[in-house]
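This report concerns selected strands and loop residues of one protein. Please consult the sequence and the model shown below.

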Amino acid sequence: MKSVVFGLVLTLVMGCGKKEETEPQGQKKAPAEAVAQRPGTVLWEFETESAVFSSPSIGTDGTLYVGSRANNLYTINGKSGGKLWQFETGGEVWCSPTVGFGDTVYIGSVDKKLYAINAKNGVMLWEFETKGSVSSSPAIGPNGTLYVGSDDNKLYAINSNSGVMLWEFETEAKVFSSPAIGPDGAVYVGSFDKKLYAINGKTGGKLWEFKMGEQVHSSPAIGLDSTVYVGSYDNKLYAINGKTGVKLWEFETGGVVGSSPAIGPEGTVYVGSADKNLYAINGKTGVKLWEFETGDEVYSSPAIGADGTVYVGSVDKKLHAINSKSGDKLWEFEMEDMVWSSPAFGPDGTIYVGSYDKKLYAIKTDSKGLSKSPWPMRGQNPQHTGRASTKE
């Protein structure tokens, strides 16, 4: 029953103003003597006015961008935790921001809009209005095209410079899943109509569709061989041939899979489930390697550090650090409320994650940044561009 309740909350609300410049504020630093050089130490915490479900995005200069249910996008100094500016939308922000070209950050909101904002000063550049809440996080192609889903059942392709729509693709239900872009430019996105779609990124034409047993909240991850991995509310993780749409394998968990998968450098796929577990699965065969039990449901998406440590949040209020080889717990950090936000890595290995307790946390790790793997975190990279690696 708990999974159903959380699923309904997620369905009804999730997905991202006028500019307000302020002096750096909002952070609460740990006492100097408490900032030991051990993993799991909180370096600073930044308080928003409401729950943080959004996964933080990180600019190339280390600046953080994160949304809150307080109708705001916050921009935070990654080193100090000081607020640089905040941008007010017309509704709650559940989705994760995307940092694009030319110092622009893109964010959606339940006010049915996608916003383009100057990342340096918080000034809005343009807004694009849909007919439904924007719970999907935008992906951005190498040519600057933005792709984003909406509760109006559509995936939109938008010119990132002008905000002008290039095309729209209609599914049979809400598009909550965030799109992912393959190395050939194909766009993959899930829908509440129980399908994963592959769409031509230039024309908006459908390439194929794959039917699952229940709605798709999870955002796809793409392997180096173009295999697409995605979870469903039918309790399964699927591996699908990105070229043909043919199922390669499926892995069944004991609960809904709303978490988005991550892929390690050796091809292992990591994904959370509402059965309270994080799973490590052989990406070629679908065979389980190990499972790690948290204290509650897992909707947070894992992030993989350069040393192989896997980090994931849980409704048990904790961020868990797990050995990727053995599945053993390395350490945990407990917050004041549940964690739905997906962790993100800064360039120095600091991990950032939000909580229902209205805070964003900066936490010390031993990982020297993000893993060099095909899809090491939600959105593929700290900027959340949602674009597959082209490395062979």
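## Asn 71

Is Asn 71 buried, partly exposed or exposed, and what is its relative accessible area? In this predicted model, Asn 71 has a relative accessible area of 22% and is therefore partly exposed, since the buried class ends under 20%.

Asn 71 lies in the loop that links strand 5 (64–68) and strand 6 (72–76). Its phi is near 70 degrees, a positive value in a residue other than glycine.

## Lys 358

Lys 358 is likewise not a glycine, and its phi is positive at about 80 degrees. The residue occupies the loop between strand 33 (351–354) and strand 34 (359–363). With a relative accessibility of 38%, Lys 358 counts as partly exposed.

## Strand 22 and its partners

Strand 22 comprises residues 236–241, and five of its six residues are buried. Strand 21 (residues 227–231) runs antiparallel to strand 22 and is joined to it by five bridges. Within this pairing, Gly 231 has Leu 237 of strand 22 as its bridge partner.

Strand 22 also pairs with strand 23 (residues 247–252), again in the antiparallel sense and over five bridges. Here Lys 236 has Glu 252 of strand 23 as its bridge partner.

## The two hairpins

The hairpin of strand 21 and strand 22 has four residues between the strands, and Asn 235 adopts a positive phi near 80 degrees there.

In the hairpin formed by strand 22 and strand 23, five residues separate the strands. Gly 245, in the turn, has a positive phi of about 80 degrees.

Note on methods
Residues numbered from 1 in each chain as written. Predicted model: local features only at pLDDT ≥ 70, side-chain atom pairs only at ≥ 80, totals over all residues. Heavy atoms only, no water. Buried < 20%, exposed > 50% of the residue type's maximum accessible area, 1.4 Å probe, protein only. Pairing = 2+ DSSP bridges.
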